[in-house]
Amino acid sequence: MATSDPVYLRVVADIRRQIVDGSLPPGASIPSRAQLTRKYGVGETAARHALRVLAAEGLIVGRVGSGHYVRTQPVLLPLHRLRFHDHHAPFGADISSHGTRTTWDWRTEPAEATPDIAQRLRLDDSAPVTRTHYVFRGDGRPIQLATSYEPAGLGETAAEENLRGPVARLSALGFKITEIVEQVYTRVPQPAESDTLALPTGVHVLHVERTHWAGDRPVETSDIVIPGDRYRLVYTHPLQS
């Protein structure tokens with residue numbers, strides 16, 4: 001974040017250090033802009049920019065009419081990827097193991113494959129696909145988003161995963177799933193994702209690209225969006241003797 005007043009970095013570094021080492025515990029009040037200018041000998045612009053950077057990093061939160069406070073960092077819950085792949089609702093089964101009640105909404109629609117989805121499903125660009133949007137909730141709160149894509153005409157709609165898991169459903173359609181591949185990366189959330197998941201400023205999301213393979217054919221691919229400040233992904237790799 002460029003600025004014409006680089007002295008703000010000194011303010012950011014010192015407050016960040018205090019938050020990390022516990023000198024400023026969760027909930028502690030952050031000095032106001034006027035207090036920062038006096039304490040660090042910087043201008044109003046530098047003080048204001050320092051607060052913006054700390055908020056963007058997810059270290060502090062602002063409260064209208066009250067000031068800024070150290071943000072409480074949540075405990076990351078484990079999400080065991082692929083552990084419940086044969087369950088009728090794999091994500092729900094994992095979250096339920098933490099004592100959380102899970103529900104989900106979905107909407108299915110015909111669509112055309114974007115270049116990225118066409119490549120993942122080995123289809124021609126703009127080929128017809130079935131697209132299903134999901135919003136998963138834990139105790140009524142949105143906690144995961146997913147969008148699933150399948151070649152059009154594959155069979156039952158993806159929304160019927162609510163009765164059977166993707167592996168069982170695809171197997172019933174004659175596709176023996178031989179491999180599930182997941183690629184994971186972090187990114188800045190889109191505005192709609194931030195709103196739906198109620199993400200604090202500065203929090204990134206974990207983006208999982210998941211693809212079900214039947215031999216050498218990809219038959220389903222999904223984009224799964226998980227709040228980066230609430231969960232950690234766990235992968236188990238059994239070793240055959």
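Two residues are in contact when heavy atoms of theirs lie within 4.5 Å. In the protein chain of this predicted model, residues 24 or more positions apart account for 58% of the contacts with a separation of 6 or more. Residues are numbered from 1 along each chain as its sequence is written, and side-chain values use heavy atoms, with hydrogens and water left out. Because the model is predicted, local features need pLDDT of at least 70 and side-chain atom pairs count only at pLDDT 80 or more, while totals for chains, interfaces and linings use all residues.

The protein chain holds seven helices and eleven strands; these are DSSP runs, numbered from the N terminus, with helices (H or I) of at least four residues and strands (E) of at least two. Of its 241 residues, 45% count as buried. Buried means under 20% relative accessible area, exposed over 50%, and partly exposed in between, with a 1.4 Å probe and protein chains only.

The account of the elements may begin with helix 1, residues 8–21. The expected span of a helix is 1.5 Å times one less than its number of residues. For the 14 residues of helix 1 this gives 20 Å, and the end C-alpha atoms are 20 Å apart, which agrees. Buried positions in helix 1 are Tyr 8, Val 11, Val 12, Asp 14, Ile 15, Gln 18 and Ile 19. An α-helix has 3.6 residues a turn, so residues three or four places apart point the same way. The partners against which the buried residues of helix 1 pack are strand 1 (29–30), helix 2 (33–40), helix 3 (44–56), strand 2 (60–63) and strand 3 (67–70). Just after helix 1 comes Gly 22, with a positive phi of about 90°.

Helix 3 can be read in a similar manner. Its 13 residues should span 18 Å at 1.5 Å a residue, and its end C-alpha atoms are 18 Å apart, in agreement. Ala 46, Ala 47, His 49, Ala 50, Leu 51, Val 53, Leu 54 and Ala 55 are the buried residues of helix 3. They pack against helix 1, strand 1, helix 2, strand 2 and strand 3.

A charge over a ring involves Arg 63 and Tyr 69: Arg 63 lies over the ring face, at 4.2 Å from the ring centre. The criterion is that NZ of Lys or CZ of Arg is within 6 Å of the ring centre and within 35 degrees of the ring normal.

Rings of Phe, Tyr and Trp (its six-membered ring) pair if their centres lie within 6.5 Å; planes under 30 degrees apart count as stacked, over 60 as edge-to-face and the rest as tilted. Trp 104 and Phe 136 form a tilted pair, 6.3 Å centre to centre with 40° between the planes. This pair links distant parts of the chain, for Trp 104 is in strand 5 (residues 102–112) and Phe 136 in strand 6 (residues 128–138), 32 residues apart. The rings of Tyr 134 and Phe 136 have centres 5.6 Å apart and planes at 20°, so this pair is stacked. Trp 104, Tyr 134 and Phe 136 form one aromatic cluster. Trp 104 is buried; Tyr 134 is buried at a relative accessible area of 7%, and Phe 136 at 12%.

In the loop between strand 6 and strand 7 lies Asp 139. Asp 139 has a positive phi of about 50° although it is not a glycine, and is exposed, with a relative accessible area of 52%.

The largest pocket has a volume of about 330 Å³. On a 1 Å grid over the protein atoms alone, a pocket is an open set of points with protein on both sides within 12 Å along at least five of seven lines, and lining residues have an atom within 4 Å of a point. Of the 15 lining residues, Thr 147, Arg 187, Gln 190, Glu 193 and Val 225 are the closest to the pocket centre. Strand 7 gives the most to the lining, with four residues.

Strand 9 (residues 205–214) contains Glu 209, which counts as buried at 16% relative accessibility. Not counting residues up to four places away in sequence, Glu 209 touches Arg 120, Val 181, Glu 182, Gln 183, Tyr 185, Ser 222 and Asp 223.

Key:
1 Å grid on protein atoms, 1.4 Å probe; cavity = no way out; pocket = protein on both sides within 12 Å on 5 of 7 lines; lining within 4 Å. Points joined across faces, edges and corners; volume = space filled by probe spheres on them.
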